[in-house]
Amino acid sequence: LFENWVRQDQVAAVAAIAALPDAAQRSSAIQGVTSGWLESESNLPGLVDWVGQLPVGKDRDQANLAIIDHTTDIDPAAAWQLATRLSDPGTRMRTAREIFTSLAVDNPVAAREILNHYQAPAAELQELARILASAEGGA
């Protein structure tokens, strides 16, 4: 329902989620809106903004993961930014590693810039540095 509705009227579909009485229904609606919005390929920045306004937690993470999946090949830097917003540390680390690996191969200069500004535990930074070094030919 929400997947189709959002293609017709993003504002109404998003507003209707708040009126749902059950958390499971809201989660399902959030997934539907995210999926439908991505399939419509319209106003991706609006989707990212809307997802960013969702409460921190599983629903927002799932929506961000769907956007990341859709955008990693198109705009890995934007996908990286979304990955850093994931609330679950394990999911964030796995997703960031996948995106960073792709980015390091395709654009090592951008990957180095991201690495230089990324705030993360030392072990994660070391792993990303190893990925970048490998992509740069062991430099």
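Helix α6 passes helix α7 in a left-handed crossing, a term used when the near helix is turned anticlockwise from the far one by less than a right angle, the clockwise case being right-handed. The contact is formed by P76, A79, W80 and A83 of α6 together with R92, T95, A96, I99, F100 and L103 of α7, where contact means heavy atoms within 4.5 Å. By class, eight nonpolar, one polar and one charged residues take part; Ala, Val, Leu, Ile, Met, Phe, Trp, Tyr, Cys and Pro count as nonpolar, Asp, Glu, Lys and Arg as charged, and the others, Gly among them, as polar.

The model is predicted, with local features requiring pLDDT of at least 70 and side-chain atom pairs pLDDT 80 or more, while totals for chains, interfaces and linings use all residues. Residues are numbered from 1 along each chain as its sequence is written, and side-chain values use heavy atoms, without hydrogens or water. Helices (H or I, at least four residues) are DSSP runs numbered from the N terminus.

Helices α6 (residues 76-83) and α7 (residues 89-106) pack at an angle of about 165°, and their axes are 9 Å apart. The axes are lines fitted to C-alpha atoms over the stretch in contact, and angles between N-to-C directions run from 0 to 180 degrees. Helix α6 is therefore roughly antiparallel to α7, a description applied to angles over 145 degrees.

Helix α7 also contains T91. This residue counts as buried, at 17% relative accessibility; buried means under 20% relative accessible area, exposed over 50%, and partly exposed in between (1.4 Å probe, protein chains only). The side chain of T91 makes a polar contact with the side chain of R94 at 3.4 Å, that is, a pair of N or O atoms within 3.5 Å, one able to donate a hydrogen and the other to accept it. Apart from neighbours within four places in sequence, T91 is in contact with L65 and L86.

In α4 (44-53), the residues G46, L47, V48, W50 and V51 are buried. Their cover includes α2 (10-18), α3, α5 (58-71) and α6.

The loop between α3 (23-40) and α4 holds E41, and N43 lies in that loop as well. Most residues other than glycine have a negative phi. E41, however, has a positive phi of about 50°, and the phi of N43 is also positive, near 55°. E41 is exposed, at 65% relative accessibility, whereas N43 is partly exposed, with a relative accessible area of 43%.

Note on methods:
Helices (H or I, at least four residues) and strands (E, at least two) are DSSP runs, numbered from the N terminus. Angles under 35 degrees count as roughly parallel, over 145 as roughly antiparallel, 65 to 115 as roughly perpendicular and the rest as oblique.
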